[in-house]
Protein chains: 2
Amino acid sequence: MKKERELYREFLKSKDLKFTKPRLIIMEAVFENHEHFNVDDLYEQIRKKHKNVSRATIYRTVPLLVESGLIKQSLRCESKDIYEHTYGHENHLHFICVNCGKIIESGFNDVAELINQLAEKKKFKISEYNLGARGLCENCQKNKEQS
Amino acid sequence: MKKERELYREFLKSKDLKFTKPRLIIMEAVFENHEHFNVDDLYEQIRKKHKNVSRATIYRTVPLLVESGLIKQSLRCESKDIYEHTYGHENHLHFICVNCGKIIESGFNDVAELINQLAEKKKFKISEYNLGARGLCENCQKNKEQS
DNA sequence: CACTTTAATGAGAATGAATCTCAACTGCAC
DNA sequence: GTGCAGTTGAGATTCATTCTCATTAAAGTG
Ligand SMILES: [Mn+2]
Ligand SMILES: [Mn+2]
Ligand SMILES: [Zn+2]
Ligand SMILES: [Zn+2]
């Protein structure tokens, strides 16, 4: 549980950035649970305990967490950027139900291998990818049939 | 070359939507070339010939083109939604250079097959997917090495 | 522990893509 | 042609994200 914190601290040091209280608070909030999140969620969550952390600082800190490799930008939802952990999580893809908004995750290994092969062909050096598919989840398919 | 127009007309009729002049102008502009585009690009392009088509109408029409299946929403670029043709184009994925913004396309067939298998396992009915990888193109890799 | 320097922060203003409003206009069915 | 519901243009509005700037605090120094 402390590993992320150390990685983060090292990252900040390597970039000559200060290890400040807000940066710690934000990072800890991010790793309090393992759900996808957007900046607004995070802001609300943090505000419950720390009334003085500003939205601006969260917007400034999230890209640092991305750059550190602890989290990544994921699919967009309701016109907000959303993020998810990378540290401690397998690569995976998302199935997003256009009807109810449900997000289903699925393993990725075989797909990842293929993508790497394709990238190699194009001499492209991948740092990060996102795969999101839209469609209907099981429930919504059933509900559609009835109506 | 007229095929898209007919499909579009049929789509509009099937939805009880009128086949109006602005809707035609916008659709023709979209198919004037085969590049990825965003609404702003499209607006500028259309304005050269038609001074009276409003941005609002373009924003209203693009989702119709998406729903008709002629185009799809693709990756996001410079915080704008971007779109690309689906009609007459193979499924493909994008490699986006974070350094110079270059977009490289690559065939998708094997990947698509795997994804379909995964979706089937989750009983998810895919209507559309996007795969975008960020990283460095060949040129930018070389330039980075030097500096 | 002061002291100093410089980056970081909070609050609110600004930006800008996307959406909404509403009076004027137009397809299109009759 | 007439009528009417759907559509449009122009500008206002929304809202996620970014920016500004006066104030604060990290972290090195002695
Ligand atoms: Mn996920
Ligand atoms: Mn493409
Ligand atoms: Zn659903
Ligand atoms: Zn490049």
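A polar contact here is a pair of N or O atoms within 3.5 Å. Welcome to a predicted model in which protein chains A and B meet DNA strands C and D.

**Around DNA strand C**

- DNA strand C is surrounded by 22 residues, and the closest of them are A:Thr20, A:Asn52, A:Thr57, A:Arg60 and B:Tyr59.
- Of the atoms of DNA strand C that come within 4 Å of the protein, 69% belong to sugar and phosphate.
- A phosphate oxygen of DNA strand C has a backbone N or O atom of B:Asp81 at 3.0 Å.
- By residue type, the surface near DNA strand C divides into 10 charged, seven nonpolar and five polar residues.

**Around DNA strand D**

- Among the 22 residues around DNA strand D, those that come nearest are A:Tyr59, B:Thr20, B:Asn52, B:Thr57 and B:Arg60.
- Sugar and phosphate make up 71% of the atoms of DNA strand D that come within 4 Å of the protein.
- Two threonines of chain B reach phosphate oxygens of DNA strand D with polar side-chain atoms: B:Thr57 at 2.2 Å and B:Thr20 at 2.6 Å.
- B:Ser54 uses its backbone instead, with an N or O atom 3.2 Å from a phosphate oxygen of DNA strand D.
- The surface near this strand draws at least two residues from each of α4 (55-68) and β3 (80-85) of chain A and α2 and α4 of chain B.
- Nine charged, seven nonpolar and six polar residues form the surface near DNA strand D.

**Helix α4 of chain B**

- The 14 residues of α4(B) should span 20 Å at 1.5 Å a residue, and the 20 Å between its end C-alpha atoms agrees with that.
- Its buried residues are B:Thr57, B:Ile58, B:Thr61, B:Val62, B:Leu64 and B:Leu65.
- These residues cover an arc of only 165° around the axis, so they sit on the same side of α4(B).
- An α-helix has 3.6 residues a turn, so residues three or four places apart point the same way.
- The cover over the buried residues of α4(B) includes α1 (3-14), α2 (21-30), α3 (39-49), β2 (71-77) and β3 (80-85) of chain B.
- Within this helix, B:Thr61 counts as buried because its relative accessibility is 2%, against a cut-off of under 20%.
- Leaving aside residues up to four places away in sequence, B:Thr61 touches B:Tyr8, B:Arg23 and B:Ile26.
- After the helix comes B:Gly69, with a positive phi near 90°.

**Helix α3 in chains A and B**

- In chain B, the buried residues of α3 are B:Val39, B:Leu42, B:Tyr43 and B:Ile46.
- Their arc around the axis is only 100°, which puts them on the same side of α3(B).
- Elements covering them include α2, β1 (37-38), α4 and β3 of chain B.
- The N-terminal end of α3(B) is capped by B:Asn38, which has a side-chain oxygen 3.0 Å from the backbone nitrogen of B:Asp40.
- In chain A, α3 (residues 39-49) buries A:Val39, A:Leu42, A:Tyr43 and A:Ile46.
- These chain A residues cover an arc of only 100°, so they lie on the same side of α3(A).
- Their cover includes α2, β1 (37-38), α4 and β3 of chain A.
- A:Asn38 caps the N-terminal end of α3(A), with a side-chain oxygen 3.0 Å from the backbone nitrogen of A:Asp40.

**Strand β6 of chain B**

- B:Tyr129 belongs to strand β6 (residues 125-136) of chain B, and at a relative accessible area of 9% B:Tyr129 is buried.
- B:Leu17 is 112 residues from B:Tyr129 in sequence, and their C-alpha atoms are 27 Å apart in space.

Terms used: Residues numbered from 1 in each chain as written. Chains lettered and ligands numbered in written order. Predicted model: local features only at pLDDT ≥ 70, side-chain atom pairs only at ≥ 80, totals over all residues. Heavy atoms only, no water. Helix = DSSP H or I, 4+ residues; strand = E, 2+ residues; numbered from the N terminus. Buried < 20%, exposed > 50% of the residue type's maximum accessible area, 1.4 Å probe, protein only. Contact = heavy atoms within 4.5 Å. Expected span 1.5 Å × (residues − 1). Arc of directions from axis to C-beta. Near = heavy atom within 4 Å. Polar contact = N/O pair within 3.5 Å; in protein donor to acceptor, adjacent residues only side chain to side chain. Nonpolar A, V, L, I, M, F, W, Y, C, P; charged D, E, K, R; others polar.
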